[in-house]
Every structure is written in C-alpha cells, then in structure tokens.
Amino acid sequence: MASPEIEALTNALARLPGLGPRSARRAVLHLLKRRETTLAPLLNALAAVNDRLETCTVCGNVDTTNPCAICADPRRDARSLCVVEEVADLWALDRSQLFPGKFHVLGGRLSALDGVRPEDLAIDGLVRRIDAGGIDEVVLAMNATLEGQTTAHYVAERIERFPVRVTQLAHGLPVGGELDYLDDGTLAQALRARRPLA
C-alpha cells in the first residue's frame, strides 16, 4: 500500500483524460523513480502555469498572457478568423500551422439535450469582433457532429448580415481511409462534397 499522499497523486492523475488507474500508477512510479529529473520539473511547470493561467479576453484561448500569444502575434492575418468549439480544437488547428489567421473559441456547441443555448456560448463576442471590422473571412471549424453542424448553421445565420465570406472546413474521406471501414455519415458527406478532378 502506498502512502495517502502517493495515493492522492495517483488518483489525481487517474482523473486526467487518457489515463486510468493503471496508467496513473505507472506514471507515479516513473515520477518517483526519477524524482530530480522528472518530478521536480513537472511540479515547477505546473506551479508556474497555475500561477499565470488566464483566459484570453479577445478569443477565449487559455494562455499565460492576456491577450494570448496568437492574438498578440502581429504576423497573424487579422482578416481571417477561424471559429472553433473548444480550446483543444484551436490548439489542434494551430499545431498544423496551416491557418495563418486568428481564432475565436465558442466554449462549446449548441445542444438541446445538454441544455447549452446560444447565450451560453461566446457567439455575441464573435459578432462584436466581426462588427468592429477588419475581418474578410470567417472559417467555421466545428466538429462534424450533429451539434457541431447545428452550431455552425446558427453562427452562420448570426453573421450573415456582415460583408464577410463564411466558409466551413471540408468533411468527408480521411487521408488513407478505406471506404469499407467508413460510416454511412462520412460516406454521405464525402459524396455530397465531391468536386471535379483537376
């Protein structure tokens, strides 16, 4: 049996996404074995983030500065704005380094079952950003779920009065995907979004 402190650490790690009790125990053992090279730097990094963590008042990203590093970056194309559901989506798109513009995090998606209404999301903030001017294109990068697409349609309706081009991420066949293994919804979307072969 481990001490209550070690058990508390294991239980805390087990609550993280992707880690269960067994993986958390392995991680704790690794941290304890390499206390100086792994545990101490991890504790310092966690404390530093905990002390400085902020939500960007411009886009809704989480960072240690406000505005966040993306909003403050003058090399970013301020005329393009990518709207995402969650911070994780922003980080995934930014990690790809394929979108040169700025972002806006809604903080979720519309869901009648979960009681998430338009006023629960940062849609009004998005409308204010577009109304302020300087944005030419809004990319709706919602997840390809029923709730994500409902949210995308709602956002598109809210901003249709502005002179901006509204685009959406393509959905369909994944690179390397085999037709036999795809679900019907993905196949249907791929067929609807077909385009001429160049």
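Reader: Which residue stands opposite F103 in β4?

Author: This is a predicted model, in which local features need pLDDT of at least 70 and side-chain atom pairs count only at pLDDT 80 or more, while totals for chains, interfaces and linings use all residues. Residues are numbered from 1 along each chain as its sequence is written, and side-chain values use heavy atoms, with hydrogens and water left out. Strands (E, at least two residues) and helices (H or I, at least four) are DSSP runs numbered from the N terminus, and strands pair if DSSP finds at least two bridges between them. Five bridges join β3 to β4, which run parallel, and the residue standing opposite F103 is C82.

Reader: Which residue in β5 does C82 stand opposite?

Author: Strand β3 (residues 77–84) is also joined to β5 by four bridges, and these two strands run parallel. In that pairing, the residue of β5 opposite C82 is V139.

Reader: Are the residues of β5 that point either way buried or exposed?

Author: Buried means under 20% relative accessible area and exposed over 50%, with partly exposed in between, using a 1.4 Å probe and protein chains only. From strand β5 (residues 137–140), E137 and V139 point one way while V138 and L140 point the other way, and all of them are buried.

Reader: Which residue in β6 stands opposite L140?

Author: Strand β6 (residues 165–168) runs parallel to β5, and four bridges join the two. Within this pairing, L140 has as its opposite Q168.

Reader: What handedness does the β-α-β unit of β5, helix α7 and β6 have?

Author: A crossover is right-handed if, with the strands pointing away from the viewer, the path from the first strand over the helix to the second runs clockwise. Here the path leads from β5 over helix α7 (residues 146–159) to β6, and the unit is right-handed.

Reader: Why are α1 and α2 described as oblique to each other?

Author: Axes are lines fitted to C-alpha atoms, for helices over the stretch in contact (heavy atoms within 4.5 Å), and angles between N-to-C directions run from 0 to 180 degrees. The axes of α1 (residues 4–14) and α2 (residues 21–33) come within 8 Å and cross at roughly 125°. Angles under 35 degrees count as roughly parallel, over 145 as roughly antiparallel, 65 to 115 as roughly perpendicular and the rest as oblique, and α1 and α2 are therefore oblique.
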